[in-house]
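Subject: Structure for you to look at

Hello,

Here is the structure I said I would pass on. Please open it first, then read the notes below it.

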Amino acid sequence: MPGHLDLDLPAGDRTPRGTAVADGAPGSTGIPRPRRLPAATPGTTPATDVEDPPAAPSRATTPWAQRAVGLAVFAIAASAATALWLLLAVEVPSGTAQIREGLLLGAWRVLYDTELPPTQILLAAIALAVLLAAGVALVEQRISTRSRRSVDHRTDPLAPKLVMARTRGVFAGPVTVTALIPAHDEEHSLPATIASLQAQSHPPERIIVIADNCTDGTVEVARRAGVEVVETVGNTRKKAGALNQVLTRVLPELGDNDTVLVMDADTALDAGFLQTAVARMTSDRALMALGGLFYGEDGSGLLGQFQRNEYIRYAREMRRRDGRVLVLTGTASVFRPAALQAVADSRGTRLPGTPGDVYDTAALTEDNELTLALKSLGALMTSPPQCTVVTEVMPTWRTLWAQRLRWQRGALENLGAYGVTPRTMRYWAQQLGIGYGVIALGAYFLLVTLAVLSSDQWIWFPFWIGLGGLFTLERVVTVWKGGWRARLLAATLLPELVFDAFLDVVYVKGVLDICFGRQAELEARRAHRTDGHGHEFEHRRVADACRHRRSTVTALAATAAAMGSIPGPSTLPDGVLTSAPVRVLAAFVAINTVMYGALALAKVLPKVHPSRWLRRDNRRAEDRSIYPRD
């Protein structure tokens with residue numbers, strides 16, 4: 001078939017297997033390839049016509065422990081909040097109001113309260129912030145160090161020391177790139193995706209579009225662009241199933257340095273993406289995977305800017321983490337064949353999933369699950385700041401709801417599948433942070449509502465105004481590279497609070513769905529066309545997204561507290577705000593606000609790397625280049 005890649009041609013066909021044929025002309029398109037795909041036994045069924053084996057059971061109907069993971073996360077977060085509440089209830093300082101009257105700018109008469117939070121609350125909040133930040137960082141560093149030093153091939157077959165030992169003195173050729181683009185009805189976005197690949201400073205040696213159950217002109221668009229095309233038949237497992245069909249045939253014929261780029265059909269790589277990826281893979285043969293940093297495309301109004309701000313903050317956090325991966329985004333990631341093959345070989349034993357599959361077809365967020373799989377095998381991964389891509393943003397609240405519900409549900413199900421292990425501790429901590437933040441936001445809204453209904457005057461609080469200014473600074477600084485629109489949205493604060501509240505509702509919905517065993521198939525199907533990221537970002541709440549969003553929530557809590565009570569008639573009895581329960585609630589909101597304020601300050605300040613201050617030789621004991629040393 002012209003322009004079609006047939007992975008397994010009949011014996012009578014003289015065209016070499018794996019050859020892409022130009023439209024209306026015999027022969028190859030001229031795209032070089034690192035290896036020829038394996039020849040098949042005459043008479044076998046073409047790979048693209050193979051029906052999928054029986055579907056793996058849905059994670060919503062498998063172990064009950066996985067169904068309880070959402071409830072467990074929220075219960076632990078609620079327990080932490082309850083413990084803090086009870087601790088505050090033991091003895092809450094009543095404090096003395098110091099309301100004064102003054103003139104603002106010599107003309108505006110205002111009431112203000114100079115009272116500061118009790119010293120013990122300030123100290124406790126700062127101590128909690130330091131313990132949380134330092135604890136997570138130290139645990140993550142320790143786990144990372146153990147993975148790098150591991151020599152246990154049973155638990156960590158992809159650990160750097162083992163990979164280096166297997167490849168020492170062996171030259172498997174220069175690094176090449178085979179690009180796989182799974183596409184489902186992507187005729188409009190696919191041309192820009194292919195063009196971005198062909199315009200790379202180091203273009204891929206091979207581009208394969210995987211047309212998955214397409215009903216539009218995706219196949220024709222790909223052929224006109226001169227790339228290879230594989231059409232799936234009978235695939236009911238969406239992106240993961242489509243990729244598995246092709247990877248099963250491609251991986252065995254790739255060498256150690258013939259890397260695989262998996263990218264979405266709605267994504268455009270920045271010009272230097274592959275050049276940087278190839279350079280990193282060349283200089284470090286122990287590096288198993290490399291993920292891109294994504295930015296949102298222009299457009300979609302205010303909703304689009306919300307998402308772009310999220311992505312900008314995530315990319316900034318990755319730069320501050322020196323590229324240490326949270327999620328290998330599905331928008332664009334590069335893998336060594338050995339890493340993908342190790343995952344396929346470990347399915348059903350060390351890893352969840354069907355034996356032989358690279359991607360777990362039961363996972364809602366297959367890219368997040370693949371990240372956990374590689375981490376569980378000890379793989380070294382990175383996200384260089386130079387590897388950037390531009391991806392689509394959700395244009396409506398409805399599609400955003402479907403996307404984020406899929407991410408949240410998928411993240412929880414993946415954690416349930418992998419359990420509590422050293423490699424998943426960071427992800428559990430993220431989910432706990434989100435759960436606690438939902439409770440903190442609810443407490444804030446309750447306190448503000450009580451204040452509005454109990455007061456008839458507007459009182460300003462200078463301390464909380466200053467803290468609100470700190471949050472505003474953090475919001476603006478973290479999106480500075482996004483331009484004036486991103487900075488303006490961050491500075492206004494209130495719109496981002498609405499967006500955060502929306503994401504919190506998604507989180508609660510995801511927890512309830514997984515706890516009650518509701519099937520996610522419908523939501524996954526809705527998100528299939530509108531989202532291919534699968535990460536991370538959830539996770540996307542991209543990864544660390546919980547920390548970014550929680551600081552927005554508390555930023556507005558501080559701002560609202562600084563503004564005092566909204567003027568209006570009092571509808572609650574006198575003494576409500578001075579009652580013991582409300583004073584405990586106020587102390588709870590205050591300690592959370594100060595705690596997140598300290599975390600916000602840490603994000604504004606330059607990143608500190610204590611290990612770099614130590615006087616020790618950090619040079620590697622061995623050159624890790626793919627080129628053997630004489």
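Strands here are DSSP runs of E with at least two residues, helices are runs of H or I with at least four, and both are numbered from the N terminus.

Before going on, some notes on the source. This is a predicted model, in which local features need pLDDT of at least 70 and side-chain atom pairs count only at pLDDT 80 or more, while totals for chains, interfaces and linings use all residues. Residues are numbered from 1 along each chain as its sequence is written, and side-chain values use heavy atoms, with hydrogens and water left out.

The sheet around G296

Strand 12 (residues 388-391) and strand 9 run parallel and are joined by 4 bridges. Two strands count as paired if DSSP finds at least two bridges between them. The open sheet has 3 strands in the order 7-12-9, with mixed pairing. Its edges are strand 7 (267-269) and strand 9 (293-296), each of which pairs on one side only. On average, neighbouring strands in this sheet are turned by 30° against each other, direction ignored. Such angles are taken between N-to-C directions, from 0 to 180 degrees, with axes fitted as lines to C-alpha atoms, for helices over the stretch in contact.

Helix 9 (residues 301-320) lies across strand 9 and strand 12, and runs at about 160° to strand 9. The loop between strand 9 and helix 9 contains S300. S300 is not a glycine, yet its phi is positive, at about 70°. Its relative accessibility is 31%, so S300 counts as partly exposed. Buried means under 20% relative accessible area, exposed over 50%, and partly exposed in between (1.4 Å probe, protein chains only).

D185 also has a positive phi, about 55°, without being a glycine. D185 sits in the loop between strand 3 (176-183) and helix 5 (190-198). With a relative accessible area of 12%, D185 is buried.

Another open sheet of 3 strands has the order 1-2-13, and its pairing is mixed. Strand 1 (99-104) and strand 13 (459-460) are at the edges with a single partner strand each, so one side of each has no neighbour in the sheet. Strand 1 runs antiparallel to strand 2 (residues 108-113), and 6 bridges join them. In this pairing R100 is opposite Y112 of strand 2.

Aromatic pairs

Rings of Phe, Tyr and Trp (its six-membered ring) pair if their centres lie within 6.5 Å; planes under 30 degrees apart count as stacked, over 60 as edge-to-face and the rest as tilted. By this rule there are 10 aromatic pairs. The ring centres of F294 and Y314 are 5.6 Å apart and the planes are at 20°, so this pair is stacked. F294 is in strand 9 and Y314 in helix 9, so the pair ties together parts 20 residues apart in sequence. Both F294 and Y314 are buried.

W397 and F499 have ring centres 6.3 Å apart and planes at 55°, so their pair is tilted. This pair links distant parts of the chain, with W397 in helix 12 (residues 397-418) and F499 in helix 16 (residues 494-515), 102 residues apart. W397 is partly exposed at 38% relative accessibility, whereas F499 is buried at 3% relative accessible area. Ring pairs join F306, W397, W401, F499 and F502 into a cluster.

Cores

A nonpolar core is a set of buried Ala, Val, Leu, Ile, Met, Phe, Trp, Tyr and Cys residues joined through side-chain atoms within 4.5 Å. The largest one has 49 residues, of which L247, F335, Y359 and L374 touch the most other members. Helix 7 (residues 238-250) gives the most to this core, 6 residues. Beyond its neighbours within four places in sequence, Y359 has contacts (heavy atoms within 4.5 Å) that include A240, L243, N244, L247 and F335. A second, separate core has 42 residues, among them I181, L197, A277 and L290.

The whole chain

The protein chain has 19 helices and 14 strands. Of its 630 residues, 53% count as buried.

Regards
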